[in-house]
Amino acid sequence: MAYNFISCSPDDSSLPQHDLRGWLPPQHLCWQVLNIVGEFDLSGFLQGYCADGQGAAAYPPQVLLSLVLYCYCKGVRSTRKIEAACLDDVGCRIIAGNQQVDHATIARFLRRHREGLKALFVQVLALCARRGLVDLSAVAVDGSPLHAAAARSANRSLDALETVIADGEAQLDQLAEDTDEAAAEGHRRLTAAGSCLRRLSQLSDRVARARVARDKLFERSLPSAGEIRIKVEAAQRMVAKAEARLAEVTAGQQQRLADYAHRTLQDQAAGRRRAAGRPPVRIEAKTKVVAQQARLARAQAALHRARYPRPIPSAAARASLTDPASRLMLGKHGGYMQGYNVQIACARNQVLLAIELQDNPADTTALVPVIRRVQHNCAAAGLTGDVAAWLADSGYASTANFAALADLPLLVSITKEYKQTHATPPGHNVPAGHREMAARLASAEGRQLYARRGAIVEPGFAQLFQQFGRRVHQRGTAAVDTEIKLLGAVHNLNKIFRHDARQTTS
């Protein structure tokens with residue numbers, strides 16, 4: 001049986017004027033979106049629908065996807081504004097087949113098909129590759145903060161969150177009792193019961209967000225994988241040193257005991273009772289041995305703590321009660337903001353190869369994940385060539401990153417941007433782990449390649465922010481990750497539309 005979908009065809013004869021195709025010219029954005037969606041593989045979207053023809057009719061996923069992409073291409077991201085556009089925007093009316101799509105339907109579609117929408121980014125990248133828009137001669141990585149859908153004033157300390165949770169749980173218990181009493185008294189108190197249920201829902205949501213925020217504080221207090229590795233290696237060196245010192249002290253005391261026993265045997269053979277001098281103490285009572293055993297125990301305990309760190313949030317740590325996944329970070333133009341750190345990887349002409357969320361406000365830990373994601377996306381999109389040069393600014397410079405990406409042609413500035421682009425980086429004060437990178441950057445080829453970084457990636461953020469603004473509309477890591485990948489897909493779609501328009505004109 002077929003899917004039970006609402007008819008939204010532009011040439012449906014039951015609609016006014018019988019054919020909507022004459023409403024807009026062939027080169028309009030509406031037709032471009034409909035044509036490009038026809039090239040997508042929507043099997044992932046269709047898996048969420050029953051093919052038995054039963055149940056209420058639903059909007060076809062290709063219609064809702066086309067409607068969302070069309071509005072996003074025009075900078076309209078609010079589901080309520082998309083609903084309003086179905087009334088007064090001719091392109092939306094053509095896509096929806098003159099149907100009035102409700103904002104709640106669009107919101108449910110975006111929430112229900114998060115995985116499909118994230119996978120859409122790779123499909124669009126594959127279309128860019130087929131049109132020859134992806135140039136892998138140089139790929140630049142950069143990050144920028146985006147405002148979250150939460151205010152700075154919503155941040156709470158660990159103690160404050162514990163208070164919110166305790167108070168909320170007490171109120172929930174009381175409301176549960178009130179709801180049971182109201183429901184038991186019959187029809188006269190049904191309104192009161194409904195009010196209690198609404199309050200229960202609100203309180204439950206608040207307590208759940210407070211618990212997630214509390215868990216985030218503990219999660220963020222854990223060191224990163226790189227920090228754990230560094231601390232474990234240092235602790236292992238201390239254990240090895242303590243073991244060597246303990247073995248040395250123990251061996252020395254054993255030698256003294258053996259020498260004394262040998263002298264005692266010789267003296268007894270000579271008729272004396274024992275060897276001359278004070279006998280050495282037992283190994284387990286030797287002060288140096290006991291001290292070194294204590295030192296080894298402390299080193300082993302430090303190694304255990306380094307391997308299995310306990311999360312202990314500091315008194316200054318804060319988490320948002322509105323959107324626990326967002327963080328307080330430095331704004332682009334000074335001051336602090338509640339937001340997300342968004343990372344992009346751009347090729348020539350600002351074609352996005354990856355767009356990712358970074359939980360840490362600092363960029364250092366984002367370089368390896370973003371590069372690995374670019375490699376995955378390129379392989380999935382059918383791009384078989386290797387990137388000739390990876391470019392990043394000094395915010396990504398770290399010995400751990402250089403070691404993890406040693407097999408790649410990587411150029412990361414180890415100085416401020418103006419120093420790298422106008423003068424050779426000094427060599428006398430460069431850390432040991434950065435000297436090889438400094439040598440690459442100081443070469444004529446390295447300087448020429450790195451000079452392309454700003455022109456590749458900086459306009460990428462400028463184009464994204466100009467079209468979509470500096471604010472995300474969703475809350476939570478999963479929802480925001482889907483949102484930014486959808487923005488990245490639309491950004492690349494616009495590249496395709498302009499390319500196709502130039503090809504048609506020429």
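Select Asp359: at 35% relative accessibility it counts as partly exposed, because that class lies between buried (under 20% relative accessible area) and exposed (over 50%), taken with a 1.4 Å probe and protein chains only. The model on screen is predicted, so local features need pLDDT of at least 70 and side-chain atom pairs count only at pLDDT 80 or more, while totals for chains, interfaces and linings use all residues. Residues are numbered from 1 along each chain as its sequence is written, and side-chain values use heavy atoms, with hydrogens and water left out.

A salt bridge here is a side-chain nitrogen of Lys or Arg within 4 Å of a carboxyl oxygen of Asp or Glu. Side chains of opposite charge can pair when their charged atoms come close. Helices (H or I, at least four residues) and strands (E, at least two) are DSSP runs, numbered from the N terminus.

Stay on strand 4, residues 327-330, and pick Leu328. Leu328 is partly exposed, at 41% relative accessibility. Now select Leu330 and Tyr336 as well: with Leu328 they form a nonpolar patch on the surface, with about 330 Å² of accessible area together. Accessible areas come from the Shrake-Rupley method with a 1.4 Å probe, and for residues only the protein chains shown count as cover. Patches are made of residues with over 30% relative accessible area and no salt bridge; like charges are joined within 9 Å, and nonpolar side chains (Val, Leu, Ile, Met, Phe, Trp, Tyr) within 5 Å.

Move to Arg453 and Asp142, whose side chains meet in a salt bridge (3.8 Å, N to O). This pair also links distant parts of the chain: Arg453 is in helix 17 (residues 453-468) and Asp142 in strand 1, 311 residues apart. Are these two buried or exposed? Arg453 is buried, at 3%, and Asp142 is buried, at 4%.

Then select Asp500 and Arg131, which form a salt bridge at 3.0 Å, N to O. Asp500 sits in helix 18 (residues 477-505) and Arg131 in the loop between helix 7 (114-130) and strand 1 (139-147), 369 residues apart. Asp500 is partly exposed at 24%, and Arg131 is partly exposed at 23%.

How many salt bridges are there? The count comes to 18.
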